[in-house]
Amino acid sequence: MRTYLVTGGAGFIGSNYIHYMFKKYDSEIRIINVDKLTYAGNLANLKDVENRENYEFIKADICDNEAINKIFEENDIDRVVHFAAESHVDRSIKNPDVFVKTNVLGTLVMLNAAKHAWENEDGSFKADKKFLHVSTDEVYGSLENDGEFFYETTPYDPHSPYSASKASSDMLVRSYMDTYKFPANITNCSNNYGPYQFPEKLIPLIINNALKGNKLPVYGDGKNVRDWLYVEDHAKGIDMVQEKGRLFETYNIGGHNEKQNIEIINIILETLCEMLPDDDERKKHINKDLIEYVEDRKGHDRRYAIAPDKIKEEIGWYPETMFEDGIRLTIKWYFDHAQLMENVTSGDYQKYYQEMYK
Ligand code: NAD
Ligand code: DAU
């Protein structure tokens, strides 16, 4: 039975990936999830799988060399899927240090532990061991003109402390592949949306605020463009890259679904009104008057757009969930998990929100 070590599996994409993998492989694989449980990690995201015999949760920091090496010593790990990171751009602008620590130094700890466990005496690596580093399209910087896209060959040009830390971690992985022939891949994906996303990010924040009748903060002119992908399609892409991708290669993941932020907000408002029953009290306050233009994000990247040609042509990956369907699935999930949303937005979240949005 193949053993996966997933880092950051209690976060948004990691928990969706774990659900996807158990749905696909059921008891054919074993998953160990290592997560520090920062504000962004929530074991409630994994309630459905926590009692499986082929699942184990270990609370640890990826920067903790000893704890990570111990996991490799005690388990014969076949695949590492490395999600754990500080992931929110706005937080990186306020407090860059933890981004460098977790995203750069934490990745170094993961690389060293896997290398130590998998390397033979002659410097070659044990058969069929693979490390996948989950990265972002933000490392490529910002596109100004329609018709331009991020390719795997686009030079790195990160602008926020978050994207600079992810770019640095990508460079470390590249250096291990080039120097040691360390068996790895890197994926650079566009903006994800879907169940279990923490409501500091645009889509869940807008859904949550609209349902409560709170203002919907739009940075700048609202015309910045992001390329949205349903999270399960990302999970599928990661699995396909590990199984079918060429080692040492980078693959961009994205579904050509570019939208301005203001378009996303209007779609959410319209879809909420369509989906709520007529007698639902919340329907009365959901309208465009909630939209509020606020100060722009510092260094705000204008447009991201992934060219997914390589992953489509080489591996046969394509996105299955169109945005119209994905956003309905997402909103339905937030309706069905109102209590979970209540739990994560009480306490510390309120403090964050007040400081961030004044
Ligand atoms: P998230 O913030 O929702 O989850 C991050 C997880 O990592 C949390 O469970 C957190 O507890 C854990 N973590 C943080 N620091 C840790 C540490 N020091 N040790 C162990 N665990 C730690 O993030 P996400 O949106 O799920 O993103 C996951 C990965 O995917 C990140 O590497 C991110 O850069 C990348 N990515 C995200 C997107 C996106 O749209 N969200 C797109 C492309 C790539
Ligand atoms: O592109 C991939 C990246 O997407 C990931 O690497 C990051 O981890 C992930 O957080 C995401 O980064 P963004 O900065 O693009 O996502 P965010 O949801 O924070 O913002 C999306 C857009 O919406 C962006 O242009 C800023 C804007 N925005 C965001 C918030 C939270 C607003 O206008 N108002 C808001 O309140």
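Predicted model: local features only at pLDDT ≥ 70, side-chain atom pairs only at ≥ 80, totals over all residues.
I count Ala, Val, Leu, Ile, Met, Phe, Trp, Tyr, Cys and Pro as nonpolar, Asp, Glu, Lys and Arg as charged, and the others, Gly among them, as polar. Residues are numbered from 1 along each chain as its sequence is written, ligands are numbered from 1 in the order in which they are written, and hydrogens and water are left out.

Ligand 1. I took as shell the residues with a heavy atom within 4 Å of the ligand, and found 28 residues, with Ile 13, Asp 35, Ser 87, Tyr 162 and Lys 166 nearest. The shell divides into 13 nonpolar, eleven polar and four charged residues. For polar contacts (a pair of N or O atoms within 3.5 Å), I noted a polar side-chain atom of Tyr 162 at 2.6 Å from an oxygen atom of ligand 1. The protein covers 97% of the 830 Å² of accessible area (Shrake-Rupley method, 1.4 Å probe) that ligand 1 has on its own.

Ligand 2. Here I found 24 surrounding residues, the closest being Asp 137, Tyr 162, Arg 297, His 300 and Tyr 357, and they divide into ten nonpolar, eight polar and six charged. I looked up His 300, where an N or O atom in the side chain is 2.7 Å from an oxygen atom of ligand 2. Of the 690 Å² of accessible area that ligand 2 has on its own, the protein covers 95%.

Terms used
Polar contact = N/O pair within 3.5 Å; in protein donor to acceptor, adjacent residues only side chain to side chain.
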